[in-house]
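Dear colleague,

Please find below the structure that I am handing over to you, together with its sequence.

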Amino acid sequence: MTAGELPVARVTGTGLPAARVTGTGLPVARVAVDTGLAHLDRPFDYAVPDGVDAPPGCRVRVRFAGRLTDGYVLERVATSEHPRLSPLKVVSPEVVLTVEVARLARSVADRYAGSLADVLRLAVPPRHARTEAAPSAAAATPPADAAAAPGADAAEPGAFPPDALDAYGGRGYLESLAAGRSPRAVWAALPGSPWSAIAVAARACVASGRGVLVLVPDARDVARVLSALPEATALQADLGPAARYRRFLAVSRGAARLVVGTRAAAFAPVRDLGLVVVWDDGDDLHAEPRAPYPHAREVALLRSLGEGCALLLGGHAVTAEGASLLASGWAHPLVADRGAVRAVAPRVVATGSDAELARDEAARFARLPTLVWRTAREALRSGPVLVQVPRRGYVPGLACARCRTAARCGHCGGPLALPAAGAVPACGWCGRPAAGWHCGECRSDRLRAGAVGERRTAEELGRAFPGVPVVTSGGDAVVDEVPATPALVVATPGAEPIGAYAAVVLLDAWTLLGRPDLRAAEEALRRWANAAALARPQAPVLVVADAGLAAVQALVRWDPLGHAERELAERTALGFPPAVRLAAVDGEPAALQALLGHLTLPPAAEVLGPVPAPVGERLLIRTPRSEGAALAAALHAAAGIRSARKEPGAIRIQVDPAVLG
DNA sequence: ACCGTGGAGGGT
DNA sequence: CCCTCCACGGTC
């Protein structure tokens with residue numbers, strides 16, 4: 001069996017005795033051993049001692065190359081090719097790795113040029129023995145009963161709540177889910193809360209007797225889904241070991257079949273999974289930072305393919321990846337018509353081409369164009385005003401007062417910043433005070449604010465609107481919700497409190513658009529759209545940016561799908577994902593050269609670089625998508641040769657990396 | 001990390 | 001001709 005293979009899934013729920021279905025009585029266990037070595041990424045056979053309960057999916061300890069190593073039983077078989085098998089020890093007969101998740105993990109590893117063991121570390125939480133032994137969560141909570149779930153009556157065709165997905169032509173989607181089919185859609189959500197529509201889709205699927213998985217970027221969104229869908233079980237990373245394992249067991253034991261969570265929950269062993277919802281797939285929190293760096297959207301896609309479940313990929317913005325799924329016809333669009341958009345979208349106005357700002361005295365000294373000022377004053381009569389500021393802190397970036405070059409720390413080269421009002425300028429990285437600073441370009445010793453953060457903005461606004469309460473939300477002080485009363489709410493992207501805003505102001509747009517990343521425009525629009533979505537219908541939204549920019553126009557017209565299609569066309573022309581498959585390989589030059597030497601690339605592959613990387617250098621390898629699997633297999637095989645030969649130096653392989661530098 | 005294998009080299 | 005040591009590759 002090669003690395004790419006896994007035992008064929010056995011049909012469960014057949015009514016056959018467990019031993020027939022799982023092979024529990026067979027003497028040989030095929031084990032996924034956590035060796036950490038790329039060339040050993042395949043199952044190994046072990047003997048199951050007589051009378052030992054070692055069902056597929058349980059944790060085991062096995063002797064591997066002389067040491068005790070962790071692993072999972074993948075399947076039980078009658079015989080082994082291998083002449084002498086060592087016996088395995090069962091850690092616990094609890095099944096924590098279902099056949100479906102084992103196959104999913106294998107396909108994620110194959111997609112991302114990684115090892116099964118690496119993916120399993122992401123997929124299965126650490127064991128907590130007391131929790132496992134405790135009276136079963138499964139016994140305490142009866143299995144989710146579709147008929148008892150609130151909103152289950154929505155499964156009757158034509159009986160969905162009127163506001164569900166009708167604005168998007170989504171009635172057919174819901175009926176299809178409720179009827180047990182598996183439709184796939186990309187949903188361009190209108191402004192306003194998306195959670196009730198997600199809840200309706202989830203319940204439609206539950207009504208068909210299947211499980212549901214809802215994936216959101218962070219714990220705040222988990223809480224918001226839970227308030228719309230209180231019968232769901234939450235799985236987020238910040239739970240702590242015992243709670244995390246308890247809920248995981250509730251899912252794996254089939255007690256919880258409606259799951260909401262953050263990216264690691266993409267692997268949750270939901271029984272008979274019918275639907276995966278991914279909300280705001282452009283948020284980089286969906287990208288796993290540990291090897292092999294899978295993205296929750298891609299895991300969801302692989303699940304949809306492997307388990308035949310439905311997919312709902314939604315957001316106020318649409319990614320180029322979403323547009324690509326539509327372009328290929330693999331998913332259907334759930335998009336509102338222009339009439340519905342006009343009814344609920346805010347009135348977005350771009351203010352602040354460079355020429356406009358140059359003429360505007362108010363903008364020059366206070367960073368606020370006159371129109372922003374007037375709009376905020378007007379809106380504050382009827383409710384809160386949201387001000388989005390891309391940078392955290394007080395003054396996170398100082399610059400030379402004469403030539404505007406960014407000021408750098410003399411010690412470590414980090415950016416000089418003002419940590420608070422009246423504070424001494426100091427390095428934002430090493431914290432050393434910037435005593436005796438002078439500009440490296442022009443020798444001036446005077447500093448000015450380069451980038452302004454949310455706290456300084458709050459201070460400026462507080463002075464500009466005396467008597468109006470100012471709320472700041474960002475960094476580690478995030479406010480969840482604000483009342484509908486007048487207030488200035490200054491927030492960094494992603495930290496905006498929920499609220500019914502009378503106006504939304506998007507400041508310093510240049511900061512987002514100027515980032516040296518191919519996804520900068522898509523990401524800027526996503527952040528603006530998420531803030532603008534909190535505005536009341538037809539409330540003013542001001543974006544301080546040049547109206548000629550495509551991302552700004554897309555916001556003004558509230559046309560996220562159009563922008564995503566344009567992004568996709570651009571990436572296709574430039575040869576970047578999702579139009580192609582792209583691998584980034586980072587490492588020291590010698591290690592990269594060695595890897596290249598072992599690499600047998602598919603025919604149409606193209607090697608770019610090396611270019612400088614955070615660590616050493618970076619090679620980019622590009623193939624058509626049709627050769628994506630071959631590219632990943634080639635990279636994994638080359639990494640295997642390196643690990644087998646114990647070649648020195650570390651390399652990092654990222655397939656379709658989240659950041660396209 | 002450990003262990004088995006096999007080739008080289010030097011001793012019987 | 002045999003024994004030992006070390007390097008290398010596989011690891012069930």
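Val611 is a residue of strand S24, which spans residues 606-612. Please note that the model is a predicted one. Is Val611 buried or exposed? Val611 counts as exposed because it has 11 C-beta neighbours inside 10 Å, and the cut-off for that class is 12 or fewer. Leaving aside residues up to four places away in sequence, Val611 touches Glu617 and Arg618. Ala539 is 72 residues from Val611 along the chain, and the C-alpha atoms of the two are separated by 46 Å.

**Chain A as a whole**

Chain A has 661 residues, of which 49% are buried. Its secondary structure comprises 22 helices and 26 strands. When contacts between residues at least 6 apart in sequence are considered, 72% of them join residues at least 24 apart.

In soluble globular proteins, nonpolar side chains tend to be buried together. In this model, the largest nonpolar core has 186 residues, and the members that touch the most others are Val31, Ala201, Ala202, Leu215, Val259 and Val543. Helix H7 (residues 195-207) supplies the largest share of this core, with ten residues. Another core, of 15 residues, lies apart from it and includes Ala407, Ala417, Cys427 and Ala451.

Which residues does Val31 touch, if those up to four places away in sequence are not counted? The contacts of Val31 are Pro43, Phe44, Tyr46, Val60, Val62, Gly71, Tyr72, Val73, Leu74 and Leu88.

**The surface near DNA strand C**

DNA strand C is surrounded by 14 residues, and Phe44, Asp45, Ala65, His82 and Leu85 are the closest. By class, the surface near DNA strand C has eight nonpolar, four polar and two charged residues.

**A pair of helices**

Helix H21 (residues 589-598) packs with helix H22 (residues 628-644) at an angle of about 115°, and their axes are 8 Å apart. The crossing of H21 and H22 is right-handed. H21 makes this contact through Ala594, Leu595 and His598, and H22 through Ala638, Ile641 and Arg642. Four of the residues in the contact of H21 with H22 are nonpolar, one is polar and one is charged.

**Backbone features**

Two cis peptide bonds may be of interest when you inspect the model. One runs from Ala291 to Pro292, with omega near 0°, and Pro292 is in the loop between strand S10 (273-279) and helix H10 (296-307). Another runs from Pro577 to Pro578, with omega near 5°. Pro578 belongs to the loop between helix H20 (560-574) and strand S23 (580-587).

Positive phi values occur at Asp280 and at Asp656, neither of which is a glycine. For Asp280, phi is near 60°, and the residue sits in the loop between S10 and H10. Why does Asp280 count as buried? Asp280 is buried because 25 other C-beta atoms lie within 10 Å, where the cut-off is 20 or more. For Asp656, phi is about 50°, and its place is in the segment after strand S26 (651-655). Asp656 has 23 C-beta neighbours inside 10 Å and therefore also counts as buried.

With kind regards

How values were computed: Residues numbered from 1 in each chain as written. Chains lettered and ligands numbered in written order. Predicted model: local features only at pLDDT ≥ 70, side-chain atom pairs only at ≥ 80, totals over all residues. Axes fitted to C-alpha atoms, helices over the stretch in contact; angles between N-to-C directions. Helix = DSSP H or I, 4+ residues; strand = E, 2+ residues; numbered from the N terminus. Left-handed = near helix turned anticlockwise from the far one by under 90°. Contact = placed C-beta atoms within 7 Å. Nonpolar A, V, L, I, M, F, W, Y, C, P; charged D, E, K, R; others polar. Near = placed C-beta within 6 Å. Core = buried A, V, L, I, M, F, W, Y, C linked by C-beta atoms within 7 Å.
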